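Reader: I'm new to this one and would like a hand reading it. Could you walk me through it, feature by feature?

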Amino acid sequence: MTEIRVTVWGENVHDQRDASVQKIYPDTMHETIAAGLRAKLGEQVKVRTAWLQQPENGLTDEVLADTDVLTWWGHTAHDDVDDAVVDRVQQAVLSGMGLIALHSAHFAKIFKRLMGTTCSLDWRSDNDRELLWTVAAGHPIAAGVPHPLVIEQEEMYGELFDVPQPDELVFVSSFSGGEVFRSGCCYRRGQGRVFYFRPGDQEYPTYHQPEVQQVLANAVRWAAPVVERKLPDVHHRATPGWFETA
């Protein structure tokens, strides 16, 4: 199997600013996510991390050219991501790079760009219990994931989630207040695959949970490029019957 090159991108604001988050994620959220992928996928992956405060937000042309799958976690500094970086990531996705948008990355510039909607939703941060139900039996992202996957402490997201109808819906969540939410949404944009996964509020230890790490590992395998990375070509078909002489 070809090694999958993964870049785990983190906003890295709560990680540096908030003692409550530092207590849960002393190595930062992005390093915790990266460690989980390494533990679950081993030699199948080469994982690096990048973050907002680096030059070019850590996502240079060189980094993206060396990335098969990009995971994205952001929350409080979406507007601080440079628009030129968003353009660059969009082109990479359309060319075939996979993108995994995590939790509050539903409001990330790149996710909203790729969805073309507000990506708004209802929410409540009140120590809810989340049940993540598999609704696409046999989907590779659901492989080895309990049904339901129980997350004892999480923030609630509720419908309506203003995103396009997913190409494939893998998970639906239910919460203590009776709310439901489309928590595992698959999309194809250009040559690239996009997966939105809801769990992962910074105030809860979600990314330490092995079952959540399994979902992310499965998603990395699913989102990895399946064709040569390039934008679709535009051809001028000047002569009728061109295919007969090609």
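Predicted model: local features only at pLDDT ≥ 70, side-chain atom pairs only at ≥ 80, totals over all residues.

Reader: How many aromatic pairs does a search of the whole structure find?

Author: The search turns up nine aromatic pairs. One to look at is Trp9 with Trp72, a stacked pair at 4.0 Å centre to centre, with 20 degrees between the planes. Trp9 sits in strand 1 (residues 4–10) and Trp72 in strand 3 (residues 69–73), so this pair ties together parts that are 63 residues apart in sequence.

Reader: Are Trp9 and Trp72 buried or exposed?

Author: Both Trp9 and Trp72 are buried. Ring pairs also link Phe111, Tyr157, Phe161, Phe181 and Tyr196 into a cluster. While you're there, look for Arg198: its charged end sits over the ring of Tyr157, 5.0 Å from the ring's centre.

Reader: Let's zoom out. How many helices and strands are there in the chain?

Author: You'll find eight helices and nine strands. The chain's radius of gyration is 18 Å, close to the 18 Å that the globule rule gives for 246 residues, so the chain is as compact as a globular protein of that length. Its C-alpha atoms fill a box of roughly 65 × 40 × 35 Å along the principal axes. Buried residues make up 54% of the 246. And among contacts between residues at least 6 apart in sequence, 72% join residues at least 24 apart.

Reader: Now helices. What should the 14 residues of helix 7 span?

Author: The general idea comes first. An α-helix has 3.6 residues a turn, so residues three or four places apart point the same way. At 1.5 Å a residue, helix 7 (residues 210–223) should span 20 Å, and its end C-alpha atoms are 20 Å apart, which agrees. Helix 7 is also mostly covered, with 11 of its 14 residues buried. Among them are Val212, Val215, Leu216, Val220 and Trp222.

Reader: And what about helix 3?

Author: The 13 residues of helix 3 (residues 29–41) should span 18 Å at 1.5 Å a residue, and the end C-alpha atoms are 18 Å apart, so the two values agree. The buried residues of helix 3 include Met29, Ile33, Leu37 and Leu41. Just after helix 3 comes Gly42, with a positive phi of about 55 degrees.

Reader: Back to helix 7 for a moment. Where does Ala224 lie?

Author: Ala224 is in the loop between helix 7 and helix 8 (242–245). Ala224 counts as buried because its relative accessible area is 11%, and the cut-off for buried is under 20%. Leaving aside neighbours within four places in sequence, Ala224 is in contact with Ile4 and Val69. Ala224 and Val6 are 218 residues apart in sequence, yet 8.9 Å apart in space, C-alpha to C-alpha.

Reader: What should I look for in the backbone itself?

Author: Here's the background: most residues other than glycine have a negative phi, and most peptide bonds are trans. Now for some exceptions. Thr28 has a positive phi near 80 degrees. Thr28 belongs to the loop between helix 2 (19–24) and helix 3, and is buried at 12% relative accessible area. Cys119 has a positive phi too, about 60 degrees, and lies in the loop between helix 6 (109–115) and strand 5.

Reader: Which peptide bonds are cis?

Author: Pro148 is in the loop between strand 5 (122–134) and strand 6 (149–158). Another runs from Glu159 to Leu160, with omega near 20 degrees. Leu160 is in the loop between strand 6 and strand 7 (168–175).

Reader: How many disulfides does the structure hold?

Author: A disulfide is a covalent bond between the sulfur atoms of two cysteines. This structure holds zero. Take Cys185: the closest cysteine sulfur is that of Cys186, 7.7 Å away, too far for a bond. Cys185 is buried at 0% relative accessibility, and Cys186 is buried with a relative accessible area of 0%.

How values were computed: Residues numbered from 1 in each chain as written. Heavy atoms only, no water. Helix = DSSP H or I, 4+ residues; strand = E, 2+ residues; numbered from the N terminus. Expected span 1.5 Å × (residues − 1). Buried < 20%, exposed > 50% of the residue type's maximum accessible area, 1.4 Å probe, protein only. Phe/Tyr/Trp six-rings, centres within 6.5 Å; stacked < 30°, edge-to-face > 60°. Lys NZ or Arg CZ within 6 Å of the ring centre and 35° of its normal. Disulfide = S-S within 2.5 Å. Rg over C-alpha atoms; globule rule 2.2 N^0.38 Å. Contact = heavy atoms within 4.5 Å.
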